[in-house]
There are 2 protein chains.
Amino acid sequence: MPVYKAPVEDTLFLLNDVFQFERYNNLPGFAEATPDLVEAVLGEGAKLCEEVLQPINHSGDQEGCKRNADGTVTTPKGFKQAYEAYAAGGWIGLAMDPEYGGQGLPYTLGAIMNEFSSSANMAFSMYPGLTMGAMAALYVHGTDEQKRTYLPKMAEGTWSGTMNLTEPHCGTDLGLIKTKAVPNGDGSYAITGTKIFISAGEQDITENIIHLVLARIEGAPQGVKGISLFVVPRNEVGADGSVGANNKVSCGSIEHKMGIHANSTCVMNYDGAKGWLVGAENKGLNAMFVMMNEARLGVAIQGLAQSEVAYQNAVAYAKDRLQGRALTGAKNPDKPADPLFVHPDVRRTLMSIKAFNEAARAFVIWNAIKSDIAHRSGDDAERQAADDQLGLMTPVLKGVLTDVGFDNAVKAQQMYGGHGYIAEWGMEQFVRDARIAMIYEGANGVQAMDLVGRKLGRDGGRAIMAFFNEVGAFVKDNEGDEALKPLLASLQLSLNHLQQATMWFMQNALAKPDNAGAGAHDYMHLLGLVSLGYMWAKMAKVAQEKLKAGANGQAERMNAKLVTARFFMERSLPETAAHLARITSGSDATMALSAEQF
Amino acid sequence: MPVYKAPVEDTLFLLNDVFQFERYNNLPGFAEATPDLVEAVLGEGAKLCEEVLQPINHSGDQEGCKRNADGTVTTPKGFKQAYEAYAAGGWIGLAMDPEYGGQGLPYTLGAIMNEFSSSANMAFSMYPGLTMGAMAALYVHGTDEQKRTYLPKMAEGTWSGTMNLTEPHCGTDLGLIKTKAVPNGDGSYAITGTKIFISAGEQDITENIIHLVLARIEGAPQGVKGISLFVVPRNEVGADGSVGANNKVSCGSIEHKMGIHANSTCVMNYDGAKGWLVGAENKGLNAMFVMMNEARLGVAIQGLAQSEVAYQNAVAYAKDRLQGRALTGAKNPDKPADPLFVHPDVRRTLMSIKAFNEAARAFVIWNAIKSDIAHRSGDDAERQAADDQLGLMTPVLKGVLTDVGFDNAVKAQQMYGGHGYIAEWGMEQFVRDARIAMIYEGANGVQAMDLVGRKLGRDGGRAIMAFFNEVGAFVKDNEGDEALKPLLASLQLSLNHLQQATMWFMQNALAKPDNAGAGAHDYMHLLGLVSLGYMWAKMAKVAQEKLKAGANGQAERMNAKLVTARFFMERSLPETAAHLARITSGSDATMALSAEQF
């Protein structure tokens, strides 16, 4: 059975040493987040994930969710109790305004807990995750009455939340939505339509489910400009907060999916259900987009999380399983064979996952802090710079961390040979679960287009220029250090590739947008690699400094950081040249064939 | 529901135009394989795959196999009938010696049928596939009596065959095998032990199952030098060929796997079962290795096959599903949206799969013909050259076609968005089924080590030198053609990378074998890319010639070949530089960390 240990130590290294979290203690909520408190909070979170969530991950997958004849849904054993424990730990309201039942702590800590809980049990984590997403939308766009009605109950875990966007004929292209909203004359609307792929749409965990639903008010303009957001509680809510009759919302069926079996993915039928407008009429997409950066970062974290847990298990197996002999002579001469771990190709595989995971974790935390700054800073310039970076990096985080996270789950599964293909070892579940993260919350091809078509050129390219400047300055400031020099040379080369690709788009994509579209996927991964390379450079610098300062018992860990940084530069960054070559080959061969020639 | 159409036309282009199959009509069995017969045979095969095998692929996955309380196994509906139809078509004995009930036709045709049937229904195809593998081993190593007893019944589909290698504690490292064989004194042996992961180990399709089992004769030397091969029929076979009592062989359980649900993967218990030696004592591994090239080529074909069927469905969906608008303006102005197909990132994805599939099919056929030559040619030099190439390319075919085939199934699934994750659309089955091909018949890491550690240096590097010469000569002979010139320049550059990598191993891996191990995976993919690039160069040359000659109604198809060749050179070959960079970075960073540092 799979194991999992939350990487608390590595996370604290990033928070305290690499990103110096204490620097931000002027932000609301950060003053309370002292190093001691952070360590205690993460320790508690790790314990919950390791002892409560992880033990029901495999059983949850095997059991799955069941829709009963009356439309109710039964979740796997232990999920209701786990949700209660999760809520009791204060995790759902961690970053929420204390006025509505939250703790007001940094979002960054929530993002870290999201990694731990998604590693431990991704299907479970979606229940509180969607609740937190719905809470964020209500918090920003809801009326004060809506906030008072829903947020405290959701934060305490009594009610949950969902997001209802997709319909049978449209997912990515929300302009095609058909679900309609007709005014009831009392301020409420009658919502009618069918929504599909609604994660956690129905369950037996919470007393009520607060659905956020995109719909078109009768007579609204066509397309995305006629879409509004509604809050539709599954059960009517009395003025005193009591839960009443069903509100003509029902789960018509649940999907049979490749993975995340323990999360109920529902077809939701709205049959004149009573809903209330959230935010302005016809501005529903805006309301959704506000929370999209965090939601996409959440999915990015799922990619990292599956990569991490799959890696941990592959390492354990590679140390344990005896098969073959080392190329350099038996390492285990008194046993019939050496462990898998001695084989260079096994080591290469594990190192490549490790090098990704540690940099991806840094990349997540770096941007989660930017999210906190963007939402909480009182300094306009600082807030804008953070928001710029977050806008630019969100599609990169989502696209790259889920693409590579999935690949890494596959690589880790490969370490098990045939046993990786068998359900009981649990490795194939990580692969099946990780797969969805490349699809939902905007398929990765859409992320690439968002990056290249929207984010890159915004405000005259301000965000990408700031990134070039930051990385370039880091290289310049540190290239005098002999130990860092070869790492920084690789980083600079890949930064050059990124700059050349950016320039190529400027020169070739305006007149011919297909050149941007055909290169978007490669550009997303190119920017991702440079970002991860930059994270390694930052980590290596700190590791180097700590080693010089005596390392305080951390010498082994800091040396490992330097070796892993080198591995990343030597083995992952060479890919940037290939991305550049593909981008600059343009779109001609990609677009030349007619439909019939496929 | 998924669709499938066997690529008969593309296959005939390869056989007739690119590889000029008729050139080989001096080989036994080839004279009968006239172009007309080949076209008729492939047409019949295509029909069987499209009309009988494909319709039970998805239902077979959903139903799975069931082990009953008495140890029998029930296969999904329609499988028994499909096997009978497959056998009745003469497919099992297609390439087998007519003396033992076969048709003696070229193995190449069997390899092609393997692609079609694996696309249509991979789990099904393993039942006849394993039978053919067992037949090949018996044919080469069995006594005449064994051949007469088993082969005709297997060829006609009355009995099936299996391969029993893996045990709970060992798969890759067969030297650790514990199953024992004790002489009964009458020429037979009593076989006792447990084998796992036995595909088609038990089923309700055939009257008898002929197991080939690796075991250790009492007192045999330790390790791989003490392993012998035995034939163990599930039911005793009378002198008249009648089927008698169970031979103390039973299925203890079946595995719950990620995919290929319709093929029963069994734990087989041998409890003093009566078996007969096949080939010489203690030479069991040799007996297995003889058939390994073809078995591995068979698995390579499964990778291509899943890539092909996933691609076909992704193309159909991309043409049908309306979502968003083309970057260059609405292509479907009278509809609410354009088809997915207009989006460059969708097109990029489909082109990359198409460019792989067509080259991989050529690569398979090129090597299948070499297999026929290696087994049937009367010319020693020709036979040896063919055997050299097959030895060199077998791990490349197996490793690269299954790695990329799986990736392509994932990419094709991605085209469906959320629908790709749902069982009913069938795309996720292709991913789950394709996954096993990277693992079984030697995990891909083992293939890479086989290539670099064994095949590359064999006979002074004769095989790889022959490949360098052949590709180099092709470039030189054709670079005068203006249309081919840019393609050949890309191919030459990637050939240079391959030669540099090869040279680097010669200089750096002998003294330090870990340098070979750490670079093996990249070298395998580098050689694969150059091989596929060479296939594209060959196909482009023929397409170019046909276009010059008037193309005979094939102008669209031949133009598509040229565009796709260009796409491959521009978009896939840039990867060769990254492989070279990784290889020449050596093994230091890969091997530096201690086990505790992971």
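Two strands are said to pair if DSSP finds at least two bridges between them. The legends below apply this term to a predicted model.

**Figure 1. Strand S7 of chain A and its two partner strands.** S7(A) and strand S11 (residues 265-278) of chain A run antiparallel and are joined by 3 bridges. Within this pairing, Val231(A) has Trp276(A) of S11(A) as its bridge partner. Strand S6 (residues 208-217) of chain A also pairs with S7(A), in the antiparallel sense and over 6 bridges. Here, Val232(A) of S7(A) stands opposite His211(A).

**Figure 2. The side chains of strand S7 of chain A.** In a regular strand the side chains alternate between the two faces of the sheet. In S7(A), Ser228(A), Phe230(A) and Val232(A) point one way, while Leu229(A), Val231(A) and Pro233(A) point the other way. Are these residues buried or exposed? All of them are buried. Because 6 of the 6 residues of S7(A) (residues 228-233) are buried, this strand is largely enclosed by the rest of the structure.

**Figure 3. The interface of chain A and chain B.** In this view, 91 residues of chain A are in contact with 91 residues of chain B. The size of an interface is often given as the accessible area lost when the parts come together. Between them, chain A and chain B bury about 7,800 Å², and 60% of this area lies on carbon and sulfur atoms. Which three residues supply more than any other three of the area that chain A buries against chain B? They are Tyr421(A), Arg571(A) and Phe598(A), which supply 12% of that area.

**Figure 4. Salt bridges and polar contacts between chain A and chain B.** The two chains are linked by 6 salt bridges. One of the salt bridges is formed by Arg571(A) and Asp522(B), whose closest N and O atoms are 3.6 Å apart. Across the interface of chain A and chain B there are also 48 residue pairs in polar contact, both residues being at pLDDT 80 or more. Helix H16 (residues 555-571) of chain A gives the most to the side of chain A that touches chain B, with 9 residues.

Figure 5. For Cys49(B), the nearest cysteine sulfur is that of Cys65(B), 19 Å away. Cys49(B) counts as buried because its relative accessibility is 0%. For Cys251(B), the nearest cysteine sulfur belongs to Cys266(B) and is 3.8 Å away, whereas a disulfide requires sulfur atoms within 2.5 Å. Cys251(B) also counts as buried, with 2% relative accessibility.

Conventions: Residues are numbered from 1 along each chain as its sequence is written. Chains are lettered from A and ligands numbered from 1 in the order in which they are written. This is a predicted model: local features need pLDDT of at least 70, side-chain atom pairs count only at pLDDT 80 or more; totals for chains, interfaces and linings use all residues. Side-chain values use heavy atoms; hydrogens and water are left out. Buried means under 20% relative accessible area, exposed over 50%, partly exposed in between (1.4 Å probe, protein chains only). Helices (H or I, at least four residues) and strands (E, at least two) are DSSP runs, numbered from the N terminus. Contact means heavy atoms within 4.5 Å. Buried area is the accessible area (1.4 Å probe) that two parts lose on being put together, summed over both. A salt bridge is a side-chain nitrogen of Lys or Arg within 4 Å of a carboxyl oxygen of Asp or Glu. A polar contact is a pair of N or O atoms within 3.5 Å; within protein, one must be able to donate a hydrogen and the other to accept it, and residues adjacent in sequence count only if both atoms are side-chain atoms.
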